Amino acid sequence: MSGVRVLVGTRKGAFVLSSDGARRDWDISGPHFAGWEIYHLKGSATDPDRLYASQSGGWFGQLIQRSDDGGRTWTAVGNEFSYEGDAGTHQFFDGTSVPWTFTRVWHLEPSLHDPDTIYAGVEDAALFRSVDGGGSWQELPGLRGHGTGPSWQPGAGGMCLHSILLDPRDEAHMTVAISAAGTFRTDDGGRIWRAINRGLRSEGIPDQDAEVGHCVHHIAAHATRPDTLFMQKHWDVMRSDDGGEQWREISGDLPTDFGFVIDVHAHEPGTVYVVPITSDYLHVPLDGKLRVYRSRTGGDEWEPLTRGLPQEHCYVNVLRDAMAVDSLDRCGIYFGTTGGQVYVSPDEGDTWAPIVRDLPAVLSVEVQTLP
Amino acid sequence: MTTHSVRVVLPAHLRVLGRVDGEVVLAVDGPVTQRSVLDALELRHPVLRGTIREHGTLRRRAFVRFFACERDLSHEPPDGPLPDEVATGAEPLLVVGAMAGG
């Protein structure tokens with residue numbers, strides 16, 4: 001019987017949650033790397049036993065861990081992330097210029113074809129690649145070197161590159177998102193990048209529909225429709241049907257369109273999930289009710305999913321990398337909260353149950369569907 | 001060239017990372033300085049590269065402190081001599097995560 005392995009990054013370590021296809025009974029291992037911040041873990045699409053983890057902390061910096069046995073054992077690999085050439089400057093929160101400085105790896109995206117090739121999105125925003133299983137890392141400097149780079153600025157969490165979408169048709173086509181710069185695309189493997197933010201409007205920047213400066217929180221796409229992109233922006237849920245050339249708002253009847261996560265159903269490219277959060281100054285669910293919203297129409301029309309989720313006195317957040325979907329026949333949806341809960345819905349969002357309730361604050365959730 | 005036996009105490013996170021139990025005892029050739037001790041430490045435990053000193057610049061990370069003989073040596077030059085008590089092994093060099101938080 002097939003199963004799932006859920007990879008959870010938290011403020012105080014990593015956890016691996018495993019279940020069979022029923023997704024009712026769970027085996028929980030961890031904490032791995034206890035006491036460290038694990039911003040993200042992800043497995044290779046071609047070798048499910050190959051996992052990568054970003055381990056970091058304010059005291060002792062960044063490490064990358066690799067597992068070749070599905071998370072039972074780990075080995076520290078390369079942790080040197082050096083910007084190519086003159087690092088240059090970007091804007092600080094107050095608009096002054098500050099030097100580009102590496103802080104941590106926010107997101108790890110393994111190649112769809114090669115378990116030894118992996119991309120890392122880092123703070124301050126840049127994209128790195130390893131082709132030797134994480135042993136060494138090289139920046140793809142064309143992104144940071146985009147002409148608008150000096151005008152990029154950090155979001156509240158830092159100036160992070162947090163989303164990396166690899167086009168399954170050709171990995172030379174990549175789309176990344178940076179908070180708070182926006183969305184960028186390359187069609188040549190990372191040498192030349194274009195800002196693709198037309199249609200976005202953001203308060204908090206002088207020119208509300210500027211080429212860059214938008215606080216994109218997360219982007220997602222379905223493998224069979226890589227040109228259809230979904231975005232949870234600071235405010236606004238957005239969609240593009242032409243690879244990001246033009247975006248349109250699909251917030252529709254959401255009760256609030258602020259939020260962090262967004263993801264797409266594994267088998268229905270037009271079914272999308274978000275978790276609305278009250279506002280930019282109140283990062284908790286609206287009215288203390290934890291609700292996932294699902295659109296089966298690719299946006300605009302949304303339904304609240306509440307069965308099994310707390311509907312009173314709930315004041316947690318769901319961070320940008322903390323939602324994932326499995327690809328079992330009945331698609332499973334997962335998300336983690338800053339209160340330490342990881343919820344699963346084995347039925348596309350209709351019903352929910354906590355897998356764990358009391359982990360450290362959850363930073364990221366990924367899921368592997370195992371044969 | 002004289003070889004010194006230098007004792008280093010690591011913070012808990014780095015002992016786990018380096019799979020170190022208790023103190024580390026390092027053979028340091030030549031002058032005993034922050035740089036020579038940390039070079040020897042990183043040679044023995046490559047996983048610690050980048051965790052105490054930044055890659056490239058080899059500057060002490062901002063939240064790392066060096067203590068010995070009840071003194072704060074964090075701001076001493078990296079090529080300056082460490083106290084004789086450290087060079088002779090009478091006292092350890094303490095690598096400490098800066099006190100921060102509540």
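## Nonpolar core

A nonpolar core is a set of buried Ala, Val, Leu, Ile, Met, Phe, Trp, Tyr and Cys residues joined through C-beta atoms within 7 Å. In this predicted model, the largest such core has 130 residues. Six of them touch the most other members: A:Val6, A:Val8, A:Tyr334, A:Val342, A:Val365 and B:Val37. In soluble globular proteins, nonpolar side chains tend to be buried together.

A:Tyr334 shows what such a position looks like. Leaving aside residues up to four places away in sequence, A:Tyr334 touches A:Val6, A:Met323, A:Ala324, A:Val342, A:Tyr343, A:Val344, A:Val365 and A:Val367.

## Chain A overall

Chain A contains 30 strands and one helix. Its radius of gyration is 19 Å, close to the 21 Å that the globule rule gives for 371 residues, so chain A is as compact as a globular protein of that length. The C-alpha trace of chain A spans about 50 × 45 × 40 Å along its principal axes.

Of the 371 residues in chain A, 53% are buried. Contacts in chain A also reach across the sequence. Among those between residues at least 6 apart, 50% join residues at least 24 apart.

Strand S5 (residues 51-57) of chain A runs antiparallel to S6(A), and seven bridges pair them. The link between S5(A) and S6(A) is a hairpin of three residues. Within this pairing, A:Gln55 of chain A stands opposite A:Leu63 in S6(A).

Strand S6 covers residues 61-67 of chain A, and six of its seven residues are buried. S6(A) also pairs with strand S7 (residues 75-76) of chain A, again in the antiparallel sense, over two bridges. There, A:Arg66 has A:Thr75 in S7(A) as its bridge partner. In a regular strand the side chains alternate between the two faces of the sheet.

## The loop at A:Ala156

Where does A:Ala156 lie? A:Ala156 is in the loop between helix H1 (141-144) and strand S14 (160-166) of chain A.

Is A:Ala156 buried or exposed? A:Ala156 is exposed, because 11 other C-beta atoms lie within 10 Å and a residue counts as exposed at 12 or fewer. A:Phe93 is 63 residues from A:Ala156 in sequence, yet their C-alpha atoms are 8.6 Å apart in space.

## The sheet of chain B

Chain B holds an open sheet of five strands. The strand order is S2-S1-S5-S3-S4, and the pairing is mixed. Strand S2 (24-29) and strand S4 (71-72) of chain B are the edge strands, each pairing on one side only. Helix H2 (residues 34-44) of chain B packs on the sheet. H2 of chain B touches strand S1 (3-9), S2, S3 and strand S5 (93-97) of chain B. The direction of helix H2 makes about 120° with that of S2(B).

Strand S3 (residues 64-68) of chain B and S4(B) run antiparallel and are joined by two bridges. B:Phe67 has B:Asp72 in S4(B) as its bridge partner.

## Where the chains meet

How many residues of chain B are in contact with chain A? There are 13, and they meet ten residues of chain A. Helix H1 (residues 12-18) of chain B gives the most to this side of chain B, with three residues. By class, the side of chain B that touches chain A has six nonpolar, six polar and one charged residues.

Conventions:
Residues numbered from 1 in each chain as written. Chains lettered and ligands numbered in written order. Predicted model: local features only at pLDDT ≥ 70, side-chain atom pairs only at ≥ 80, totals over all residues. Helix = DSSP H or I, 4+ residues; strand = E, 2+ residues; numbered from the N terminus. Buried ≥ 20, exposed ≤ 12 C-beta atoms within 10 Å, placed from the backbone. Contact = placed C-beta atoms within 7 Å. Nonpolar A, V, L, I, M, F, W, Y, C, P; charged D, E, K, R; others polar. Pairing = 2+ DSSP bridges. Axes fitted to C-alpha atoms, helices over the stretch in contact; angles between N-to-C directions. Rg over C-alpha atoms; globule rule 2.2 N^0.38 Å.
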